[in-house]
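The entries follow in the order I made them.

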Amino acid sequence: VDKGQIFFVWAIVQTLVPMFSGGFADRYGYKKTIAASIALKMLGYILMATQREFYPFLIGCCVLALGTAIFKPGVQGTMSQSLSTKNSGVGWGMFYMLVNVGGFLGPPLAHFLYGISWPMVFFGCAGIVSLNFLMLFTYREVHPGGEQKGGPWQVVLLTFRNFANVKLLAFIIIMAGFWLMFQQLFDMLPNFIVDWVDSSSLVSALHIPEWMLQPNSQRGPQLAQEWMINFNSGLIILLVVPLSWAVSRTRRVVSITAGIVVSSIGLLIAGFQMSGWMCIGGILFFSVGEMLASPKMSE
């Protein structure tokens, strides 16, 4: 129950704040908002590493979520101002590939660090996030998409005015339904894998090394849930750029609709039985749908 409450509050902050922080990124510049987000994320991870009570830990999660929510508009705003109509399809695909490089490296690193201790997981994340400050030295400021005038309340007012755009609001609702599946894949499916999925036949057939395994007294050595979920990021790293190029001339609505359908089927396959093979198959199927829909949504 505690874990569910933490995920719930974290998801609210992580997903609702960008609708407002995006306006501030346009107003005050992308580089400044990225710098602020890095500092907040480091603080959030440090709080999570040092707090032992429920609410102080939850506050740390919310600070992390706030930092992440501020980070996204700065980075994606930079992308949108740097790409043209000619290269936006492949450009967003390449962006999505790089996002998933981090997604691929993160879970195994966390798996290794919690072999030392749980606080080390969060301290390690804070250290890695701090490296983004070094990357900011290579960042050449991009002119923001919004007007550089008005105070904070004018920015908030403009945001609410944008919500009056019926097409934009409909698109946000559609995207919300699509991204809800990611909460299931990354937050719920790992629990299901640990509690129910039997990957012992997969482990023996593929001769998976011990450092990728998780001991289980009932089912024998199992492929760690971090590595099972990583099939998602791994396939995206390999295929999202060529797939984005292949569908670059496809109507966006067609590609997004196909992606939502394929992802939905993949998630059902992954979560409706207990076979390790079927679970990985569902994750891979989901990943194909994600590659069809997500870059096109950003575009």
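Which residues in helix 1 meet which residues in helix 8? I found Lys3, Phe7, Trp10, Ala11 and Thr15 in helix 1 against Gln183, Asp187, Met188 and Asn191 in helix 8. Contact means heavy atoms within 4.5 Å.

I noted the source before going on. This is a predicted model, where local features need pLDDT of at least 70, side-chain atom pairs count only at pLDDT 80 or more, and totals for chains, interfaces and linings use all residues. Residues are numbered from 1 along each chain as its sequence is written, and side-chain values use heavy atoms, with hydrogens and water left out.

**Entry: helix packing**

I looked up the geometry of the pair. Helix 1 (residues 2–16) packs against helix 8 (residues 166–195) at about 170°, and the axes are 12 Å apart. Axes are lines fitted to C-alpha atoms, for helices over the stretch in contact, and angles run from 0 to 180 degrees between N-to-C directions. The two helices are therefore roughly antiparallel (angles over 145 degrees). Helices here are DSSP runs of H or I, at least four residues, and strands are runs of E, at least two, numbered from the N terminus.

**Entry: the cavity**

I found one cavity of 30 Å³ or more. On a 1 Å grid over the protein atoms alone, a cavity is a set of points where a 1.4 Å probe fits but cannot get out; lining residues have an atom within 4 Å of a point. The largest cavity has a volume of about 50 Å³, the volume being the space filled by probe spheres set on the points, which are joined across faces, edges and corners. Gly89, Trp92, Ser244, Val247, Met291, Leu292, Pro295, Lys296 and Glu299 line the largest cavity. Helix 5 (88–113) and helix 12 (276–298) each give two or more residues to this lining. Helix 12 gives the most, with four.

**Entry: methionine 278**

I stayed with helix 12, where methionine 278 is found. Is methionine 278 buried, partly exposed or exposed? Methionine 278 counts as partly exposed because its relative accessibility is 43%. Buried means under 20% relative accessible area, exposed over 50%, and partly exposed in between (1.4 Å probe, protein chains only). Leaving out residues up to four places away in sequence, I found methionine 278 touching Ile269, Ala270 and Gln273. I also checked glycine 266, 12 residues apart from methionine 278 along the chain: their C-alpha atoms are separated by 9.7 Å.

Technical notes: 1 Å grid on protein atoms, 1.4 Å probe; cavity = no way out; pocket = protein on both sides within 12 Å on 5 of 7 lines; lining within 4 Å. Parallel < 35°, antiparallel > 145°, perpendicular 65-115°, else oblique.
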